[in-house]
Amino acid sequence: MRIFSFFLLFFSFQPAFAAEIITHKPPFSNERQSKVIKYQPLKKAAKAWKICAVYPHLKDSYWISINYGMVEHAKQLGINLKVLEAGGYPNLDKQQTQIQDCQQWGADAIILGTVDSVAYNGILSQLTGNIPVFATINDIDMKDKDIRESVYARVGVDWYDMGRAAGEFLAKRHPKGSGKVDIAWLPGPSQRGGTKPVTQGFLDATKNSDINIITTLWADNSKELQRNLIQQLFADRQHLNYIVGGAVAAEVAISELRANHKLKEIKVVSTYLSHGVYRGLRRGRILFAPTDKMAQQAMLSLDQAVRFLEKKPMERDISPKIEWLTPKHLPASVIADSLSPAEFRPAFSVYNHEVQR
């Protein structure tokens, strides 16, 4: 843990530097064209805007890293940030109430990480009034008229591409005709988050390879539930070459494989990055994980909101570049754009006095 902490503190998040990101035009379109651009974040806001950020939860390192990126950029810009979290994906009613809390607080803009892509269809404007909304991380249904009129910009990757990245990594290791390998697929919750597109991306990437998925097990991203699934795999005595799944499943798999003396027998691949997955990569316990640069995404969402409020040029539909990580490829700048420092704890407010103009 000490090495990990030093690593992240030394290569601290630096949003002032230009970043390579992907912009999509026309925005929110299925037929959009994408290209890589150099993006220069704002260094200071013109005034201490009030930005309200609403997250699904802050229970894992993925969303804590998003919180970190947003909090650090808010401090640099000199704005006021209020953070609310619903406590989990089933808590739609709570998140809707929190959006109304943002309105009562007098927010100039709302950054929304929704608990459900279609939950706000036809009703988002009723909750937000005239406050501009900026979608972050999780998909929201831009085909809905009310959402399209309320959401001015979004930041996020297509989770299909995250699943495809993990599938392509394995397909290259085990091309068709090289010999069947058996995989347990543990993507996470069956109804929420990005698990369905992740699964489809993984299946599409591996369909012409020797990857053989012998079982698929679903559960929420809690260590207890994912541990139960992996223990179930061992109890069923199924032959396995890989355990592949979300970051929580990958983290738990390492300790369970060690306890069952199967570290050399069964390999682990993750569909996204977390602090535990990063440690597993550094130690060679996890073979692969893609990262969608969570801290960078948070910075970009906050930057979009401030640019809109200050009538500055703004990219309306953007994504970070997904990076492939392996034990031999862990670029410091990519890790800094992805993970919060080990010492960081969730912050729910950043307060700045009005900037004198």
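Biologist: Where do Asp 161 and Arg 164 lie, and how many residues apart are they?

Modeller: Both of them lie in helix α6 (residues 159–173), three residues apart, which is about one turn of the helix; helices here are DSSP runs of H or I with at least four residues, strands are runs of E with at least two, and both are numbered from the N terminus. Please keep in mind that this is a predicted model, where local features need pLDDT of at least 70 and side-chain atom pairs count only at pLDDT 80 or more, while totals for chains, interfaces and linings use all residues. Residues are numbered from 1 along each chain as its sequence is written, and side-chain values use heavy atoms, with hydrogens and water left out.

Biologist: What do the side chains of Asp 161 and Arg 164 meet in?

Modeller: They meet in a salt bridge, at 3.1 Å from N to O; the term stands for a side-chain nitrogen of Lys or Arg within 4 Å of a carboxyl oxygen of Asp or Glu. Asp 161 is partly exposed, with a relative accessible area of 25%, and Arg 164 also counts as partly exposed, at 33%. For these labels, buried means under 20% relative accessible area, exposed means over 50% and partly exposed is in between, using a 1.4 Å probe and protein chains only.

Biologist: How many salt bridges are there in the whole structure?

Modeller: A search of the whole structure finds 17. One of them joins the side chains of Asp 139 and Arg 154, at 3.8 Å from N to O. Because Asp 139 lies in the loop between β6 (133–136) and α5 (145–150), and Arg 154 lies in strand β7 (residues 151–155), this pair ties together parts that are 15 residues apart in sequence.

Biologist: Is Asp 139 buried or exposed, and what about Arg 154?

Modeller: Asp 139 is exposed, with a relative accessible area of 53%, whereas Arg 154 is buried, at 17%.

Biologist: Which residue does Arg 227 form a salt bridge with?

Modeller: Its partner is Glu 256, with the closest N and O atoms 3.0 Å apart. Arg 227 lies in helix α8 and Glu 256 in helix α9 (residues 247–259), so the pair ties together parts that are 29 residues apart in sequence. Arg 227 is partly exposed, with a relative accessible area of 28%, while Glu 256 is buried, at 9%.

Biologist: Changing topic, which residues touch the most other members of the largest nonpolar core?

Modeller: They are Ile 51 and Leu 81, in a core of 86 residues; a nonpolar core is a set of buried Ala, Val, Leu, Ile, Met, Phe, Trp, Tyr and Cys residues joined through side-chain atoms within 4.5 Å. Helix α2 (residues 61–77) gives the most to this core, with nine residues. A second, separate core of 20 residues includes Phe 28 and Val 133.

Biologist: And how many residues of helix α10 are buried?

Modeller: Six of the eight residues in α10 (residues 275–282) are buried, so that helix is mostly covered; among them are His 275, Tyr 278 and Leu 281. Just after α10, Gly 284 takes a positive phi of about 75°.
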